[in-house]
Amino acid sequence: SGLSQEAGSVEQLSLHCAEGSLEWLYPTGALRLRLAPRLPPTSAAIKGGSPPHVTACIKPTGTFRGAQLYLEREGVLELLLPEAPRPRARCFSWLPQEKVALFLQATPHPDISRRIAAFRYELRGDWLARPALPAASLSAEGACRPCNDTEILMAICTSDFVIRGSIRSVSNDAELQESIIGVSATRIHRQKFPLFQAGGRPGRPVGSIRTPLRCGVKPGPGTFLFTGWLHFGEAWLSCAPRYRDFQRIYEGAQRARQNPCEFPVD
């Protein structure tokens, strides 16, 4: 609470968890949030490859008021969230040796109305080459490109969800620049959280998957294998080959003994 801070003071905090939330009541002065996630060693670091980037995503609540959030990188400030921002995620990356922090500065107001500057955050090390994120700063040119065979085979092994099913609907949110794909699942191969639950036809779990609006997703017939990642509790699309194409790719990799993991194909 800013009520316990002196006007003009800057309180220092460190964010170590992979994800979490911050709520600042009655913002006064400023908070400097050092980003220091406890990350496991990555394959690149182990093999002596190039140092991996660390990625952070910030998503304000719909009632974010009383402060502005800046990215502080090597002493230079960049505005991430103005006061009363739209509730959409902002993402950015940095190298481990770079000095990065978030600077949350209270904005002056003539009254003492209750204001809350609150947001959720995610910190990740070496985020995958095809992050399922809406941020233009991450894989801008690759976000809408169809996955190649290698990416599809890796997606079935590493994604947060792997769902076989069909497209029920596609709706667009122009404000958030997102498309929401309604999916009817015929088989749930994997989901880390119950994203798809009963609610459609008997025995058919349903759920929604998001993708950037610029990708121009259209509804179409057929069965797909949807893979992707969780981002602030929502499913984001990574690879979605037609199931018959996936079968061909997987069976070819199996014959060549190049499949990175076992997967049930029928």
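**Exercise 1.** Work out the handedness of the Cys57 and Cys91 link, and what the pair ties together.

*Solution.* The angle about the S-S bond is 110°, making the link of Cys57 and Cys91 right-handed. Cys57 sits in strand 4 (residues 54-60) and Cys91 in strand 7 (residues 90-94), so the pair ties together parts 34 residues apart in sequence. Strands here are DSSP E runs of at least two residues, helices are H or I runs of at least four, and both are numbered from the N terminus. The sulfurs are 2.1 Å apart, a disulfide (cysteine sulfur atoms within 2.5 Å). Both cysteines, Cys57 and Cys91, are buried (under 20% relative accessible area; exposed is over 50%, partly exposed in between, with a 1.4 Å probe and protein chains only).

A word on the source: this is a predicted model, where local features need pLDDT of at least 70, side-chain atom pairs count only at pLDDT 80 or more, and totals for chains, interfaces and linings use all residues. Residues are numbered from 1 along each chain as its sequence is written, and side-chain values use heavy atoms, leaving out hydrogens and water.

**Exercise 2.** Describe the disulfide of Cys147 and Cys239.

*Solution.* Start with the sulfur atoms, which are 1.9 Å apart. Next, the -90° about the S-S bond makes this link of Cys147 and Cys239 left-handed. Finally, Cys147 counts as buried at 16% relative accessibility, and Cys239 is buried at 2%.

**Exercise 3.** Where does the Cys157 to Cys261 disulfide sit in the chain?

*Solution.* The S to S distance is 2.0 Å. Cys157 is in helix 2 and Cys261 in the segment after helix 3, 104 residues apart.
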